[in-house]
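Please work through the following exercises with the sequence and the model at hand. Each task is followed by a solution in steps.

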Amino acid sequence: MQYGNVIMEQHQPAPSFLVQLLHSVPHINITLHRVNDTFNPNSTVYIELMDAI
């Protein structure tokens with residue numbers, strides 16, 4: 001972030017052990033099939049879920 005002529009660094013804490021562990025586990029759906037773990041807001045599956053909420 002820059003404020004005037006001063007550049008300020010934003011500190012982001014390191015992810016916890018639990019977060020790292022859960023992100024390393026393969027992603028599966030309700031039928032226990034492996035699914036793509038990348039976030040894609042244009043995915044038809046994601047759009048269908050958002051419409052249901």
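**Exercise 1.** State the accessible surface of the protein chain and the share that belongs to carbon and sulfur atoms.

*Solution.* The accessible surface comes to about 5,600 Å², with areas taken from the Shrake-Rupley method with a 1.4 Å probe, where for residues only the protein chains shown count as cover. Carbon and sulfur atoms account for 62% of this surface. The model is predicted: local features need pLDDT of at least 70, side-chain atom pairs count only at pLDDT 80 or more, and totals for chains, interfaces and linings use all residues. Residues are numbered from 1 along each chain as its sequence is written, and side-chain values use heavy atoms, leaving out hydrogens and water.

**Exercise 2.** Determine what percentage of the residues is buried, and give the order of the elements.

*Solution.* Buried residues (under 20% relative accessible area; exposed is over 50%, partly exposed in between) make up 0% of the 53 residues. The chain has two helices and two strands, which are DSSP runs (helices H or I, at least four residues; strands E, at least two) numbered from the N terminus. Their order from the N terminus is β-β-α-α.

**Exercise 3.** Locate L18 and classify it as buried or exposed.

*Solution.* L18 lies in helix 1, residues 17–24. L18 counts as exposed because its relative accessibility is 52%.

**Exercise 4.** Locate L32 and describe its phi.

*Solution.* L32 is in the loop between helix 1 and helix 2 (44–52). Its phi is near 65°, a positive value in a residue other than glycine. Most residues other than glycine have a negative phi. L32 is exposed, because its relative accessible area is 66%.

Key:
Buried means under 20% relative accessible area, exposed over 50%, partly exposed in between (1.4 Å probe, protein chains only).
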